[in-house]
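The following report describes selected local features of one protein chain. Please consult the sequence and the structure alongside the text.

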Amino acid sequence: MFSAIKRFFYRNNIENLTVYIVMVTTLVSGFCYLYAPTFGEVNAKILTDGEWFHLLVYPFRIKSTFLGSLWMGLFLYLYIFFFLGNMLEGDLGPGQYNLFMLIGFITCILGAFASLFKPLEITSSYIYLSTFLAVAYRFPDMEIYIFFILPVKLKWLGTISLVFLLISMVLGISKHKSAYPALGVVLGLSNLLLFYGKDIWGDIRLRYRHQLTTKMPVTPTIHRCYVCGITEKDDPNMEFRYCVECKNQEYEYCMDHLYNHEHVK
């Protein structure tokens with residue numbers, strides 16, 4: 001079914017979707033900063049007042065500060081998201097990228113609504129986080145410059161982001177005495193898991209197997225037949241002897257060639 005949905009979006013999609021997301025986010029967040037601080041908030045009031053439209057605009061409501069400024073935080077957020085989104089769209093193609101973002105927005109909306117009843121702790125930041133982790137997985141060695149000075153590879157930034165996410169999840173589980181925060185992480189990153197989960201799991205298994213093979217100690221062989229090269233590892237029941245008729249007593253022979261070889265003179 002997921003493959004069929006992918007084919008549908010391959011034929012029906014919006015190109016340069018990142019540009020439209022950035023535009024809508026700018027309008028929604030700007031309106032929230034200037035006129036209505038509660039615009040796009042998801043709380044119990046939207047249930048009693050019937051203001052369900054807040055759920056639809058919630059994914060575009062960004063409250064990120066930089067140097068104490070909401071506007072600087074919004075600009076930085078949109079600048080990075082525009083950069084990452086275009087990279088991911090180029091990697092997935094417009095159709096699959098449309099589906100990736102649609103799943104992210106749907107889980108964000110449903111998760112925010114469900115968080116009113118259970119501590120899932122799903123926020124709009126998961127849309128950015130899933131996009132960033134997808135790009136970090138696909139382009140791990142790409143470098144970006146922190147504060148335009150310090151070069152850092154995306155794989156290290158992705159690892160740091162995952163560590164902080166896991167710490168936040170553990171703290172949430174401890175705070176609420178419930179596994180719902182862990183479920184929230186899975187739902188919030190569902191688009192990442194659907195598109196790259198199989199590949200990520202395959203890479204983890206491959207690296208684990210590689211570590212096992214490299215860490216296994218290699219036991220040297222003690223006996224080796226001078227004629228056929230068989231060792232005690234090839235046949236643990238095989239016996240090896242030196243030939244008394246050979247001048248060079250350094251060569252061993254298996255029982256199949258002890259009496260059937262050309263003597264070394």
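## Surroundings of Thr18

Apart from residues up to four places away in sequence, Thr18 touches Phe81, Phe82, Gly85, Asn86, Glu89 and Tyr97, where contact means heavy atoms within 4.5 Å. Thr18 belongs to helix α2; helices (H or I, at least four residues) and strands (E, at least two) are DSSP runs numbered from the N terminus. With a relative accessibility of 0%, Thr18 counts as buried. The classes are buried for under 20% relative accessible area, exposed for over 50%, and partly exposed in between (1.4 Å probe, protein chains only).

## Basis of the model

The model is predicted, and local features need pLDDT of at least 70, side-chain atom pairs count only at pLDDT 80 or more, while totals for chains, interfaces and linings use all residues. Residues are numbered from 1 along each chain as its sequence is written, and side-chain values use heavy atoms, with hydrogens and water left out.

## Nonpolar surface patch

Ile14, Val19, Tyr20, Met23, Val24 and Phe82 make a nonpolar surface patch of about 510 Å². Patches consist of residues with over 30% relative accessible area and no salt bridge; like charges are joined within 9 Å, and nonpolar side chains (Val, Leu, Ile, Met, Phe, Trp, Tyr) within 5 Å. The areas come from the Shrake-Rupley method with a 1.4 Å probe, and for residues only the protein chains shown count as cover.

Helix α2, residues 17-34, gives the most to this patch, with four residues. Val19 lies in that helix and is partly exposed, its relative accessible area being 32%. Phe82 is one of the patch residues and is also among the residues that Thr18 touches.

## Salt bridges

A search of the whole structure finds three salt bridges, each defined as a side-chain nitrogen of Lys or Arg within 4 Å of a carboxyl oxygen of Asp or Glu. In general, side chains of opposite charge can pair when their charged atoms come close. Arg138 is partly exposed at 38% relative accessible area, and Asp91 is partly exposed at 26%.

Asp141 forms a salt bridge with Lys153, with the closest N and O atoms 3.9 Å apart. Asp141 lies in the loop between α7 and β1 (143-146) and Lys153 in strand β2 (residues 150-153), so this pair ties together parts that are twelve residues apart in sequence. The side chains of Lys155 and Asp141 also meet in a salt bridge, at 3.3 Å from N to O. Lys155 is in helix α8 and Asp141 in the loop between α7 and β1, so the parts tied together here are 14 residues apart in sequence. Relative accessibility is 49% for Asp141, which counts as partly exposed; Lys153 is partly exposed at 28%, as is Lys155 at 31%.

## Packing of helices α8 and α9

Two packed helices are described by the angle between their axes and the distance between the axes. Helix α8 (residues 154-176) and helix α9 (residues 180-188) pack at about 145 degrees, their axes being 7 Å apart. Axes are lines fitted to C-alpha atoms, for helices over the stretch in contact, and angles run from 0 to 180 degrees between N-to-C directions.

Leu165, Met169, Gly172, Ile173 and His176 of α8 make the contact with Pro181, Ala182 and Val185 of α9. These residues divide into six nonpolar, two polar and no charged. Ala, Val, Leu, Ile, Met, Phe, Trp, Tyr, Cys and Pro count as nonpolar, Asp, Glu, Lys and Arg as charged, and the others, Gly among them, as polar.

## Loop residues

Asn16 has a phi near 55 degrees, a positive value in a residue other than glycine. Asn16 is located in the loop between α1 (2-11) and α2 and is partly exposed, with 45% relative accessible area. Glu121, likewise not a glycine, has a positive phi of about 60 degrees. Glu121 lies in the loop between α6 (94-114) and α7 (125-138) and is partly exposed at 35%.

Val227 lies in the loop between α10 (190-215) and β3 (240-242) and is partly exposed, with a relative accessible area of 43%. Leaving aside neighbours within four places in sequence, Val227 is in contact with Tyr253, His257 and His261. The C-alpha atoms of Val227 and Gly90 are separated by 60 Å, and the two residues are 137 residues apart along the chain.
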